[in-house]
Amino acid sequence: MEGRLNFIYLLCLGVVLMVLSCTEHKAHTAPAVRDRDSASMMVSYGVNTLISDSGVIKYRIVTERWDVNTIKNPTRWTFDKGIFMEQFDENFHIEGYIQADSAWYYDQNKLWELRGRVWIRNVNGLIFNSEELWWDGIRHEFYSHKFSRVVTPERTLEGTYFRSDEHMTHYEVTNSVGSFQSEDMEGDSQQPAPNGQQPAANSQKPDTIQQVPVRQAATRHKATQKSTYQP
């Protein structure tokens, strides 16, 4: 009887071991990425590189982090750790500097969005700063819907709307106040006094505040509060 019980015990133990050995092992995998927009094609750190356009070197980009995403719509380059750029002319001479706390470049639309402490300086001594700046590579212009300040050797302008060509040589400011040198204002010191009297020595007008006209912005140039551009 005892031998029979031992046989049954060994038989049951063998069946259990066979079942356990045939059980499929479960693979331990990470959960799938649900948001495909979060997958970047390239992420680079400590970047110092030259960018060419049509075979001509146009810019130098220096940034701590450069993220390239070709899945988001629109596709974009992201510089969330700040960016510093140098612009070059066709002879590789520096035309100006651009700096911002963060930036996005929508490559299909050739559109830059610069945010934070945005600074521009060109070879003519012009300095621009604002909290926002858009750079349209198709229309070859800068524009901003935030308070902006433009300083040149001759004058200072401040306003809530700014528009300029890429070289910062022709620019417009609206809702602006500014200071000008007196010789910039035509006729200020040439107007005769009433009844033929000579003007007094201290009667010269002070520097004049001028409202600078601006053309109507295109629809695509409306202010965007978010850092995600939608075409």
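Where is the place of Asp101? I found Asp101 in the loop between β5 (94–100) and β6 (102–106). Strands here are DSSP runs of E of at least two residues, numbered from the N terminus.

**Ground rules.** I am working on a predicted model, in which local features need pLDDT of at least 70 and side-chain atom pairs count only at pLDDT 80 or more, while totals for chains, interfaces and linings use all residues. Residues are numbered from 1 along each chain as its sequence is written, and side-chain values use heavy atoms, with hydrogens and water left out.

**Entry: Asp101.** I looked up the exposure of Asp101 and noted 32% relative accessibility, so Asp101 counts as partly exposed. The cut-offs are under 20% relative accessible area for buried and over 50% for exposed, with partly exposed in between (1.4 Å probe, protein chains only). I then listed the contacts of Asp101, leaving aside neighbours within four places in sequence: Phe79, Asp80, Lys81, Gly82, Arg115, Gly116 and Arg117. Contact means heavy atoms within 4.5 Å. For Gly116, which is 15 residues from Asp101 along the chain, I noted a C-alpha separation of 4.9 Å. For Arg117, I noted that its backbone nitrogen lies 3.0 Å from a polar atom of the Asp101 side chain.

**Entry: Thr75.** I placed Thr75 in the loop between β2 (56–69) and β3 (76–79). Thr75 counts as buried because its relative accessibility is 8%. Which side chain does a polar contact of 2.6 Å join to that of Thr75? I found that it is the side chain of Asp107. A polar contact is a pair of N or O atoms within 3.5 Å; within protein, one must be able to donate a hydrogen and the other to accept it, and residues adjacent in sequence count only if both atoms are side-chain atoms. Asp107 is also in the contact list of Thr75, with Asn69, Thr70, Tyr105, Tyr106 and Gln108, once neighbours within four places in sequence are left aside.

**Entry: aromatic residues.** I noted 13 aromatic pairs in the structure. Rings of Phe, Tyr and Trp (its six-membered ring) pair if their centres lie within 6.5 Å; planes under 30 degrees apart count as stacked, over 60 as edge-to-face and the rest as tilted. One cluster is formed by Tyr59, Trp66, Trp77, Phe79, Tyr105, Trp112, Trp135 and Phe142.

**Entry: salt bridges.** How many salt bridges does the structure hold? I noted nine, a salt bridge being a side-chain nitrogen of Lys or Arg within 4 Å of a carboxyl oxygen of Asp or Glu. Arg163 forms one with Glu141, with the closest N and O atoms 3.0 Å apart. Arg163 lies in strand β12 (residues 161–165) and Glu141 in strand β9 (residues 141–144), so the pair ties together parts that are 22 residues apart in sequence. Both Arg163 and Glu141 are buried. Arg65 bridges to Asp67 at 3.8 Å between the closest N and O atoms, and these two residues are buried. I also noted that Arg65, Asp67 and Asp80 are linked in a network of salt bridges. Glu158 and Arg149 form a salt bridge with closest N and O atoms 2.5 Å apart. Glu158 is partly exposed because its relative accessible area is 22%, and Arg149 at 32% relative accessibility is partly exposed too.

Technical notes: Helix = DSSP H or I, 4+ residues; strand = E, 2+ residues; numbered from the N terminus.
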